[in-house]
Amino acid sequence: WKVSDGTFVCTPGSGSALTAEKFGDCQLHLEFMTPKDDLYGWGNSGVIFMGKYEIQILDVYDNETYVNGSAGSIYKQSTPLVNPCRKPGEWNVYDIIYTAPTFKEDGSYRTHPYVTVIFNGVVVQNHQMILGTTEYIGWPKFQAHGDGPIILQSHGDPSEPISFRNIWIRKL
């Protein structure tokens, strides 16, 4: 990761960035910009709550992709209500309200995690239940856990770097 003028740039091979502090229920604000000329991955990234539940980041301005993997989706689980994505090279804004799960003694959910995602001022997930971990392949899983880090994902693929700025988190 490289930082200049308050902007974090996820350079290839730098790995994902994660918070040192652990979070449960929280409100997150961040701005992200997908690269203008990305021939490989369309700025493929994500915001991962508790190290387990991903809200997808991807340039879907003029890029058809699988709907439950587009920007604003709960990765592989819930399609965004609309697509308010701005052109590559322009800043996009996520305001996310996240409610952490609670667990029964047997490790199953007492309450599932929930998320509201406001993408460029438009609600794309409205208090949507997260079914379990957001797996690349396979069904969502669950296992009792406590608070965890918030991760800005880096795929390590040959795409041009994605940029982040104006990041703040507030515990709820």
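Biologist: Taking a disulfide as a pair of cysteine sulfur atoms within 2.5 Å, how many disulfides does the count come to?

Modeller: Zero disulfides by that rule. This is a predicted model, where local features need pLDDT of at least 70 and side-chain atom pairs count only at pLDDT 80 or more, while totals for chains, interfaces and linings use all residues. Residues are numbered from 1 along each chain as its sequence is written, and side-chain values use heavy atoms, with hydrogens and water left out.

Biologist: Are C26 and C85 buried or exposed?

Modeller: C26 is buried, at 0% relative accessibility. C85 is buried as well, with a relative accessible area of 8%. Buried means under 20% relative accessible area, exposed over 50%, and partly exposed in between (1.4 Å probe, protein chains only).

Biologist: What is the secondary structure of the protein?

Modeller: There are 13 strands and zero helices. Both are DSSP runs numbered from the N terminus: helices are H or I, at least four residues, and strands are E, at least two. Of the 172 residues in the protein, 48% are buried.

Biologist: How much of the contact is between residues at least 24 apart?

Modeller: Counting contacts between residues at least 6 apart in sequence, 65% join residues at least 24 apart. Contact means heavy atoms within 4.5 Å.

Biologist: Next, salt bridges. How many does a search of the whole structure find?

Modeller: Three. The rule asks for a side-chain nitrogen of Lys or Arg within 4 Å of a carboxyl oxygen of Asp or Glu. In one of them, E21 meets K171 at 2.9 Å, N to O.

Biologist: What else does E31 touch?

Modeller: Leaving out residues up to four places away in sequence, E31 touches W91, N92, V93, S163, F164, R165 and N166. V93 is 62 residues from E31 in sequence, yet their C-alpha atoms are 4.4 Å apart. The side chains of E31 and N166 are joined by a polar contact of 2.9 Å. A polar contact is a pair of N or O atoms within 3.5 Å; within protein, one must be able to donate a hydrogen and the other to accept it, and residues adjacent in sequence count only if both atoms are side-chain atoms.

Biologist: Switching to Q56: where is its place?

Modeller: Q56 sits in strand β6 (residues 53-57). Q56 is buried, with a relative accessible area of 2%. Its side chain makes a polar contact with the side chain of N44 at 3.4 Å. Residues in contact with Q56 beyond four places in sequence include N44, G69, Y75 and Y94.

Biologist: Last one. Where does V123 lie, and is V123 buried or partly exposed?

Modeller: V123 lies in strand β11 (residues 122-129). V123 is partly exposed, at 37% relative accessibility.

Methods. Disulfide = S-S within 2.5 Å.
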